[in-house]
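Here is a short briefing to read alongside the model. Please have the sequence and the coordinates open as you go.

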Amino acid sequence: MIQVEGVAEVTDETFDAEVLGAGLPVLVEFTADWCGPCRQLAPVLGAIAAEESERIKIVQIDVDRNPGITSRYAVLSMPTLMVFRSGEPVKSMVGARPKRRLLQELEDVLPTAR
């Protein structure tokens with residue numbers, strides 16, 4: 001698992017409580033140790049986690065160790081980024097992207113800053 005500061009790891013067991021039960025929107029990265037683009041995305045997610053912690057929670061799940069959640073959401077490519085709000089998936093994106101682009105793509109699912 002690619003450890004990123006500010007990005008918690010969830011599992012098949014903890015997913016429902018950590019993601020579906022969260023008060024904030026949650027960005028879930030479906031990742032794997034063997035995934036090159038996932039490594040490129042790690043510092044991007046870490047930076048967004050640090051800067052936007054009041055607006056979004058970011059977690060990652062290892063697809064090889066957590067097949068239940070991976071198949072529940074029919075994730076086939078790594079990295080897949082899925083945003084959950086109020087327990088429902090509201091957005092899905094596949095592939096690494098630079099921070100600015102990812103923030104733009106998240107804008108419509110993030111609560112507006114107060």
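The model is predicted, so local features need pLDDT of at least 70 and side-chain atom pairs count only at pLDDT 80 or more, while totals for chains, interfaces and linings use all residues. Residues are numbered from 1 along each chain as its sequence is written, and side-chain values use heavy atoms, with hydrogens and water left out.

**Overall fold**

- The protein has 4 helices and 5 strands; these are DSSP runs numbered from the N terminus, with helices being H or I of at least four residues and strands being E of at least two.
- Along the sequence, these elements come in the pattern β-α-β-α-β-α-β-β-α.
- The radius of gyration is 13 Å, which agrees with the value near 13 Å for a compact globule of 114 residues; it is taken over C-alpha atoms, and the globule rule is 2.2 Å times the number of residues to the power 0.38.
- The C-alpha trace spans about 40 × 30 × 20 Å along its principal axes.

**Burial, contacts and surface**

- Of the 114 residues, 49% count as buried, meaning under 20% relative accessible area with a 1.4 Å probe and protein chains only.
- Taking contacts (heavy atoms within 4.5 Å) between residues at least 6 apart in sequence, 74% join residues at least 24 apart.
- The accessible surface comes to about 5,900 Å², and 51% of that belongs to carbon and sulfur atoms; areas come from the Shrake-Rupley method with a 1.4 Å probe.

**A closer look at Thr31**

- Thr31 sits in strand β2, which covers residues 26–31.
- Thr31 is buried, and its relative accessible area is 0%.
- Leaving aside residues up to four places away in sequence, Thr31 touches Met1, Ile2, Cys38, Gln60, Ile61, Asp62, Val63 and Met78.

**Strand β4 and its partners**

- In strand β4 (residues 80–85), 5 of the 6 residues are buried.
- β4 pairs with β2 in the antiparallel sense over 5 bridges; two strands pair if DSSP finds at least two bridges between them.
- Within that pairing, Leu27 has Val83 in β4 as its bridge partner.
- β4 also pairs with strand β5 (residues 88–94), again in the antiparallel sense, over 6 bridges.
- Phe84 stands opposite Pro89 in β5.
- β4 and β5 form a hairpin with 2 residues between them, and Ser86 in the turn has a positive phi of about 50°.

Key. Buried means under 20% relative accessible area, exposed over 50%, partly exposed in between (1.4 Å probe, protein chains only).
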